[in-house]
Amino acid sequence: MDNRSSVRTLKPPILADGFLFSGVTAVILLLFWALYSVVGPTRLPSSPHFAKPLSSHSFTPSLAFAPSSTNSNTCADLRHDPPSATFYDDPLLTYTVGRPVGNWNEKRREWMEQHPSFKPGAAWRVLVVSGSQPQPCQSPIGDHLLLRFFKNKVDYCRIHGMDIYYNTALLHPKMFTFWAKIPLVRAAMVAHPECEWIWWVDSDAIFTDMEFELPLRKYAAHHLVVHGWRHLVYEKKSSTSLNAGVFLIRNSQWSMEFLDVWASLGPQSPEYDRWGKTLKSEFKDKIFPESDDQSALIYLLLRQGDRWGDKIYLESDYYFQGYWVEIVGRLQNTSNRYLEMERRTPALRRRRAEKVAEAYGAARGGKLEAEGWRAGREGWRRPFITHFTGCQPCNGKHNELYSEEECRKGMQEALNFADDQVLRHYGFAHRDLLASADVKPLSFDFPA
Ligand SMILES: *[C@@H]1O[C@H](CO)[C@@H](O)[C@H](O)[C@H]1NC(C)=O
């Protein structure tokens with residue numbers, strides 16, 4: 001049965017005539033992004049998703065995590081594609097938004113039956129998806145920064161056995177900037193039926209805890225995970241109550257339908273202008289008049305909560321993505337505290353192959369939990385993802401709230417903070433978080 005007909009696209013309610021809104025500039029648009037998350041709660045709950053306490057030298061990953069993480073491609077048969085028909089052979093099934101796929105769960109399941117070597121670990125398999133513009137960056141150091149941001153994602157994926165797809169083509173000519181990820185994620189779902197989750201990570205977001213693993217078991221009943229706060233969505237109705245720059249979406253029928261509805265508020269829709277006005281009037285703190293993906297997502301939560309709300313998880317227990325301004329000033333101290341932990345915990349500083357790094361990440365997770373380290377602004381756990389909202393590394397047109405110096409310094413520190421965790425497995429560390437080009441060899445049993 002094709003349940004295509006159950007998918008509606010949205011039409012914006014008609015606004016009163018004479019609705020006025022002021023003109024917009026790129027600067028104001030940037031301001032919007034910049035304001036995100038300064039409104040976050042001051043206190044974060046202790047995290048329920050960490051591993052059991054470290055028991056001496058035994059590194060059994062906690063049940064809170066996916067078993068052996070998502071590193072489950074090892075035994076998959078990459079040369080087996082039987083001739084029997086799959087959804088790929090259906091000419092009506094497209095990679096693009098606007099034409100919903102029906103029965104996607106069954107189609108994925110059938111594909112999996114025909115490719116059984118992908119079954120082990122399938123429930124935990126995640127594809128990271130990111131991307132940037134097709135043209136060279138306008139800022140002279142933009143492409144260099146994007147390379148380092150990309151390298152960071154590759155590092156995280158290699159350590160955790162995840163695949164990554166980085167795209168530089170605009171898949172829908174009208175779905176520009178922040179809308180471009182929706183057709184990309186939609187295509188990735190079809191391209192990767194073996195993956196349970198697609199994890200969108202903005203190009204200007206970096207992994208600043210290379211050990212932390214997504215608590216996927218916690219999201220078992222959900223299909224979309226974004227960083228946000230319920231009370232800001234439902235009570236404050238704020239356009240910055242969640243951030244759409246990083247999200248985890250299940251490769252499911254629900255997501256197929258949700259992406260179509262979400263996209264229907266986008267610039268390829270004939271209703272785009274009217275959506276802009278609707279969202280502007282819905283969110284008092286929305287500064288610019290265009291419909292944007294983030295406000296659109298919040299709008300769907302508010303206005304179609306019955307249909308979508310119970311499958312959307314708003315994460316705020318840890319930095320699923322965090323605003324860089326509240327993070328970068330604390331990285332040096334965080335680094336010092338982790339080194340101090342390793343000085344008193346020989347098991348954590350033992351040299352090891354990078355391939356088994358997850359075992360040590362799980363062990364540290366247990367110790368952090370046992371010692372009561374907290375995530376977020378109040379605690380000293382490494383922030384999982386630091387998002388350089390408003391810094392615009394590629395075009396360099398950073399938000400007026402910050403100086404170019406603050407952005408550049410922040411990005412260097414965060415990139416080197418993350419890189420130190422990688423270089424550790426190669427026997428080196430940066431001399432200083434700002435010394436991108438200056439590394440030192442690590443002594444045996446560092447940092448004892
Ligand atoms: C970092 O640690 C130093 C020394 O303990 C302290 O003086 C400083 O206030 C800390 N910085 C932050 C941002 O907490």
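A: Strand β8 pairs with strand β9 (residues 385-387) in the parallel sense, over 2 bridges. This is a predicted model. Within that pairing, G322 of the chain stands opposite T386 in β9.

The sheet is open and has 3 strands. Their order is β4-β9-β8, and the pairing is mixed. β4 (205-207) and β8 (322-323) stand at the edges. Each has a single partner strand, so one side of each is left without a neighbour in the sheet. Strands of a sheet pair through backbone hydrogen bonds, either parallel or antiparallel.

Now the helices. Helix α4 spans residues 181-191 and is mostly covered. Of its 11 residues, 9 are buried. They are K181, I182, P183, L184, V185, R186, A187, A188 and M189.

F258 has 23 C-beta neighbours inside 10 Å; the cut-off for buried is 20 or more, so F258 counts as buried. Leaving aside neighbours within four places in sequence, F258 is in contact with L224 and W308. F258 and L224 are 34 residues apart in sequence. In space, their C-alpha atoms are 9.4 Å apart.

Conventions: Residues are numbered from 1 along each chain as its sequence is written. This is a predicted model: local features need pLDDT of at least 70, side-chain atom pairs count only at pLDDT 80 or more; totals for chains, interfaces and linings use all residues. Two strands pair if DSSP finds at least two bridges between them. Helices (H or I, at least four residues) and strands (E, at least two) are DSSP runs, numbered from the N terminus. A residue is buried if 20 or more other C-beta atoms lie within 10 Å of its own, exposed if 12 or fewer, and partly exposed in between; C-beta atoms are placed from the backbone. Two residues are in contact if their C-beta atoms, placed from the backbone, lie within 7 Å.
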